[in-house]
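Trainee: I have a structure open and I'd like to learn how to read it. Could you take me through it, feature by feature?

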Amino acid sequence: MEATLHSFFDIFDNGVEDDQETIHVKKIIIPIIQRDYAQGRTAPEIERVRNRFLGSLYKAVTEKPITLDFVYGDIDENGVMTPLDGQQRLTTLFLLHWYASRKSSISEECQFLKNFSYETRYTARDFCTELVDFVPVFGRKISEEIVDQAWFPLDWCKDPTIAAMLVMLDAIDETFAEVSDLWERLKNNAITFYFLPIRDMGMTDELYIKMNSRGKPLTAFEHFKAEFERELRNVDDVIAKRIMGKIDREWTDLLWEYRNGNTGTAADSIIDDEFLRYFKFVCDIICYKGGESPQGKSSDEFDLLNMYFAAEHESVRENVETLERFFDCWCNIPGYDTPTEFLQSFISESYTHEAGKIIISGKPDIFEECLHGNADKAGNISQFPLGSKVRLYAIIIYLQNCDRVTRQEFVRRIRIIENLVWNSEDEVSDRSDRNRIPAILAQVDSIMLTGRIDDSIRNTFNVHQMREEKNKIVFVHEHPEKAELLFELEDHYMLEGQIGIIGLEHLDYAERFFSLFANCDMDKIDCALMSIGDYGQQERNEWRYQYASAGMEDAWRNLFHKSSNLGFENTKDILLKLLAKSESFDNDVLQEIIDDFLAKCADKHEYPWRYYYVNYDAYRPGKYGKLSNSNAKKTPYLFFVMQTKLQWSQNTYMPYLKAADELHLYGYNCGDMLVYEDKFIMCDNDAYSVYEVETEKWIGRIPIKQNEKGIDMEDRVVMLKKYIRTHFY
C-alpha cells in the first residue's frame, strides 16, 4: 500500500486499508518505550532546531503549505496508532492545534485532540488530558498560566516531557500570536504529512523495539539532510537523488577518516560535524564569488541552506554544482588514495625546507583543519582562518583542473599563492568595508590556471609581495638552475616567502644568510648589524621604531618584510654589508665586527647613540624590539626602550639611566629618572639635569661633551656612573 497524505485533523477520520479491511485511527499513543518529548528542551542546539521547525510551520500557514516527512506507525485492531518515527512532529502538531483552537475559541470541533496521549509516564498522559480542557486567558506566558492551575501538581515540572511541552507552548505563542485565523488555515491543510503503517513495510515488534530503545534525538545533521533533500527535490528529482546518494556514499567515505578527530570510539563514528563545516566553507566561497562577504550574515547551516540552496534562488543549480565539485574533487585524486596522502606530497610537515614541497603557516593537513578547526582549552572551535580558506581554495582549483595543470606547475603555483597569503595579513580581509576576498579568489584563479598574476584585478594581495612574486616568476623562468636555492631562501623561518631583504640580485648571499641565523646568537647578530649602521625602521606614527630582539623572532620578521615602515632599503643595505664580510658566520666572526666598532669609537672619542646600543644590553629591547623617540632628528640620544608592542608602559625606560644605576631607576609613568634621597636625575640629549625631589626644582646641569656634529665625545654612561659615585655614595 502507498503512503497516504494526512493533516492532524483528518488522521482520525480517514481509514487505512489493511488486508482488504479499513482500519480507522482512533487514537495516537506515544508508547512507554519511546523517549521523552525533546523539541521543547532548552539546550541551545535543541532551541535552534525548535525555532527552525516553528519557522517552517509559520511559513506554511502564512505563505505556502508544507508537507512534513513520513510518519511511520503501527495500527492495532482497536485503531490505536503507536508511532515508530514522527513522535516529535506529532506532539508539536498536537500542541499547535490545541493553541489554535484556544486562540479561536473552538470547543466542540477540537475534541479530536483528546485522541492524542502519552504513555511514557502517567504524568504526561494526565497532562495531555487536562490540557485539552484548559482555556488560557493569554494574559501572560501560557506556561505560567498552566503551572498556576489547581490541576497541575508542581511535581509535574520534573517530568521532562511536560517541561518540554510548556517550553514549546510558549514558543508557539511567541511565533503565532499575530496569526488571527490560525485554526482555519490548519483546517485547510496548511500542514500535512505522509503516513505509512509499519505492517505494510514488513516491520516487526522486535524491530520496533530496537529502533526506539536508543532514545537518541535526531541530530542537527539529520534535520539538515532532510531539509536539503526537500529543497533539492523542489529543484530537480534527478539532482536530489544524485546529491543525496553521494552524501550517503562517496562523501561519507571521503570524510570517514576525519570523523570527530578519528579517535576510534563508537561515539566518533559519524561525519556530521565534518560535513557541516566543509559545507559552510563552500557556502563562504559561493558568497565571495558573488562579490559579497559572509560577515554580518548567519553561519547557521540551515540559514545557509536557505540562502544558497532554496529552490527559488536564481543560482541554486549553479550553487549545487559548486558544492558537488568541491566535494567530488577530493574523492578521486589521481595517484593518491586519500586527501591526507595528497597534501603530504607537497606540504612539509616539518616546517623546514624540503625540495618539491612548500611550507604553510597553518596546519599541513589543511583539509583536516577545515573539517575540525582549532579547539582552545575550553573545547571551543575557532573559525577556519581566512588565509587558510584562500589556500584551500587554491588547492581545490587545481584538483578540479588537474587535467590541464601539470603537477610541476601546481607545486610552483601553490608556492606563489602561499607566499602571497603569508605576506598579506592586512590585505586578506572580508570586512564589509574592505572585502578583498572576491578579488583575491579571482587572482588565485589566474595564478593556478595560467601561472600569471593578473594586473587587471585590483585590490588583492600585498602590493610589495605581488611585485616580488612577478619578478620571481621571470627569474625562475630565466634561471631554472637557481630555482631551488630561491625556494630554500623563501622557506627560511625569518623570511616566510618574502626575500626582498636580500633580493634576487644577491641570491648568492643566501648560504651566508642561512649560516648567520643557524650558527649565531640573535643578540650578536643585532649588535653586529648596529656596528655597521643604524638599521632600524621608523613606524608610520613617527615616534616608534622597530629594531631586532634577542628573544622574539617576530621583531626580525617585521624588519625583514617590507611594510609602511621607513628604512627598509637601509636595513637591507646594512644586512648585505654584514653578509659581505664573511662566507660563513659564527659568534666569533660577529664578535670581531662588534669589537672593531667599539674600539674605533673609543679611539676617535666619538660615541654615536648606536655605540650605546651595542655596548650596553640595557639599550637593546628584549621583547618586541621597539624603541621610542618623538624627535629623533633633533634628539638622537633620547630613545626610550619599550617593553610592549604598541604603547608606553611603566616598564618603558631611559636606557642610559638603567645602565648607570638600575637600582635607583624610577618614574611616575616609566623609568625616566634616577631618584636619590633628596635629588633625582633625568636625561637630556646633551646633558643630565638634576632636580630637587621635594619641589621638583631644577638644580643644575651635567653637560656631556659633544663635537660640532652633535656626537658624544665621552661615554655618557661611564660619566654618569662617576658622577653618582662622587655625589650620592
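Trainee: Let's start with helix α25. Which of its residues are buried?

Mentor: Buried means under 20% relative accessible area, exposed means over 50%, and partly exposed is in between, using a 1.4 Å probe and protein chains only. In α25, the buried ones are L590, I593, I594, F597, L598 and C601. Seen down the axis, the buried residues of α25 fall within an arc of 125°, so they line one face of the helix. That arc is taken from the directions from the helix axis to the C-beta atoms. On the face turned away from the buried side you'll find the exposed residues D588, E592 and D603.

Before we go on, keep in mind that this is a predicted model: local features need pLDDT of at least 70, side-chain atom pairs count only at pLDDT 80 or more, and totals for chains, interfaces and linings use all residues. Residues are numbered from 1 along each chain as its sequence is written, and side-chain values use heavy atoms, with hydrogens and water left out.

Trainee: What covers the buried residues of α25?

Mentor: For that we use contact, which is heavy atoms within 4.5 Å. The cover includes α21 (510-519), α22 (522-532), α24 (568-579) and α26 (609-615). Those labels come from DSSP runs, numbered from the N terminus: helices are H or I with at least four residues, strands are E with at least two.

Trainee: How many Å should α25 span?

Mentor: The expected span is 1.5 Å times one less than the number of residues. Helix α25 (residues 587-604) has 18 residues and should span 26 Å, and its end C-alpha atoms are 26 Å apart, which agrees.

Trainee: How many of the residues of α5 are buried?

Mentor: In α5, 12 of the 17 residues are buried, so the helix is largely enclosed by the rest of the structure. Among them are I162, M165, L169 and F176, along with the aspartates D170 and D173. The buried residues of α5 pack against α1 (44-62), α2 (87-103), β7 (116-118), α3 (122-133), α4 (142-147) and α6 (182-187).

Trainee: What about aromatic rings?

Mentor: Rings of Phe, Tyr and Trp (its six-membered ring) pair if their centres lie within 6.5 Å; planes under 30 degrees apart are stacked, over 60 edge-to-face, and the rest tilted. The structure holds 66 aromatic pairs. One of them is F221 with F224, stacked at 6.4 Å centre to centre with 15° between the planes. They are 3 residues apart in helix α8 (residues 220-235), which means about one helical turn separates them. F221 is buried at 7%, and F224 is buried at 0%.

Trainee: Where does a charge sit over a ring?

Mentor: The rule is that NZ of Lys or CZ of Arg is within 6 Å of the ring centre and within 35 degrees of the ring normal. The charged end of R716 sits over the ring of Y656, 5.0 Å from its centre. R544 lies over the face of W543, at 5.2 Å from the ring centre.
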